[in-house]
Amino acid sequence: MTQIDKLRHYWHYFKMDTPLFLMLMGISIFGLTILYSASAESIFLVYKQMLHFIFAIGVMLIIAQIPPRVFRRYSPYLMLLGIFLLLLVLLFGSSSGGAQRWLDLGLIRFQPSELMKVIVPIAIASILSEKTLPPQPISIFTSLAAIIVIVLLIAKQPDLGTSLLIGASGGYVLLFSGVRIQILRNSWLNFGVISAGSLGGGYIAWNYLLMAYQKKRIMTMIDPTLDPLGAGYHILQSKIAIGSGGLFGKGIEQGSQAQLNFLPEHTTDFIFAVIAEELGFIGVLLLLCFYGLIIWRCFVISIESEDTFSKLLGASLTLIFFTYVFVNIGMVSGLLPVVGVPLPLISYGGSSLITLFASFGIIMSIRKHKIPGYLS
């Protein structure tokens with residue numbers, strides 16, 4: 001056996017999907033380059049992020065070895081563990097910036113809501129794949145109840161952005177399972193009822209549920225000049241950075257907004273504005289193409305899987321990844337309220353990165369653990 005054959009053997013043993021793995025590594029290297037520029041050539045920050053990547057890749061390798069049926073079997077225990085950790089956060093969690101979202105265990109400090117980004121899709125996919133699709137009312141009710149409990153626990157921290165994203169992750173599984181919203185037979189009446197319900201829900205949320213700072217974020221999204229030196233400062237500086245990049249950008253380490261610290265959070269939530277300023281429209285377009293290829297490959301893996309659970313789980317995790325990309329870019333561009341969602345695989349941070357690679361590990365597991373006839 002040649003060295004190349006040995007490498008292929010070990011590569012297959014680790015259950016890695018080569019196209020997806022190469023795309024993830026490519027965009028990760030790109031992210032480290034942008035982080036180096038955005039952090040004013042901070043080798044220390046890049047080094048820490050490299051350690052995050054190494055650990056996250058290790059997590060992905062481990063998860064890729066676990067067959068999807070194992071996740072399905074232990075999904076109730078994972079959900080109970082997640083709820084237990086969220087309750088611990090509310091009772092004993094450490095606070096930062098007015099929010100109580102972390103568990104401090106001494107050596108490590110982590111955010112349990114990040115785990116729910118993976119646990120919720122696994123649990124809901126398990127519930128809905130127990131019988132034939134579209135799901136029965138009891139399965140839909142159980143799924144919605146689980147989603148609502150998790151969303152409320154996370155919103156209580158408070159972390160409205162993460163709670164809505166996790167709620168969406170469970171909703172995506174319901175969507176892919178074939179659930180239909182059919183209130184009345186006439187489609188126009190359906191549209192009218194749903195529209196009226198949405199308006200009513202929006203009125204109740206604005207007047208009775210949203211906190212003052214959350215309302216301020218929405219108003220700032222509509223008109224950042226209402227508070228140009230306060231709540232609107234992030235968006236205004238971000239728009240300046242994006243607009244000044246032009247077609248080809250100013251070049252790496254040449255962006256004035258990031259390099260002169262006009263742009264807040266330029267290594268985390270607003271790093272997309274750095275990409276737009278330094279690499280221009282062409283750089284942004286290439287990044288979006290990279291994201292598109294990753295999403296396409298993940299959907300292909302999900303569609304080609306041979307059991308219902310894997311199809312639901314893979315497709316929902318893929319759509320969640322798309323949602324993170326969409327929300328971050330919309331937030332930085334001023335099209336959505338600022339909710340603190342990092343740009344996947346680019347922004348500095350460990351917890352979100354590990355969660356992402358765990359999701360990709362599950363998708364790779366689906367690719368390499370096909371079981372003919374299993375819950376098909």
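Guide: Let's start with a pair of side chains: lysine 250 and glutamate 277 form a salt bridge, their closest N and O atoms being 3.2 Å apart. Lysine 250 lies in the loop between helix H11 (233-244) and H12, while glutamate 277 is in helix H13, 27 residues apart, so the pair links distant parts of the chain. Helices here are DSSP runs (H or I) of at least four residues, numbered from the N terminus. Please keep in mind that this is a predicted model, where local features need pLDDT of at least 70 and side-chain atom pairs count only at pLDDT 80 or more, while totals for chains, interfaces and linings use all residues. Residues are numbered from 1 along each chain as its sequence is written, and side-chain values use heavy atoms, leaving out hydrogens and water.

Visitor: Why is the pair of lysine 250 and glutamate 277 called a salt bridge?
Guide: The term asks for a side-chain nitrogen of Lys or Arg within 4 Å of a carboxyl oxygen of Asp or Glu. With 3.2 Å between the closest N and O atoms, lysine 250 and glutamate 277 therefore qualify. By this rule the count comes to four salt bridges.

Visitor: Which residues are linked in a network of salt bridges?
Guide: Asp17, Arg297 and Arg367 are. Arginine 297 pairs with aspartate 17 at 2.7 Å between the closest N and O atoms. Arginine 297 lies in helix H13 and aspartate 17 in the loop between helix H1 (3-13) and helix H2 (18-38), so this pair ties together parts 280 residues apart in sequence. Aspartate 17 also meets arginine 367 in a salt bridge (3.4 Å, N to O). Because arginine 367 is in helix H15, that pair ties together parts 350 residues apart in sequence.

Visitor: How do you know whether aspartate 17 and arginine 367 are buried or partly exposed?
Guide: Aspartate 17 has a relative accessibility of 2%, so it counts as buried. Arginine 367 has a relative accessible area of 25%, so it is partly exposed.

Visitor: Why does aspartate 307 have no salt bridge?
Guide: The nearest side chain of opposite charge, arginine 72, is 6.8 Å away, and the rule asks for 4 Å, so no salt bridge is counted for this buried aspartate. For charge, Lys and Arg count as positive and Asp and Glu as negative, with His and the chain ends not counted. Aspartate 307 sits in the loop between helix H13 (271-304) and helix H14 (308-332).

Visitor: What makes leucine 345 stand out in its loop?
Guide: Leucine 345 has a positive phi of about 70° although it is not a glycine, and it lies in the loop between H14 and helix H15 (351-368). At 2% relative accessibility, leucine 345 counts as buried. Isoleucine 294 is in contact (heavy atoms within 4.5 Å) with residues including Leu345 and Phe360.

Visitor: How do you know that there are zero disulfides?
Guide: A disulfide needs a pair of cysteine sulfur atoms within 2.5 Å, and a search of the whole structure finds zero of them.

Key: Helix = DSSP H or I, 4+ residues; strand = E, 2+ residues; numbered from the N terminus. Buried < 20%, exposed > 50% of the residue type's maximum accessible area, 1.4 Å probe, protein only. Lists of a residue's contacts leave out its neighbours within four places in sequence.
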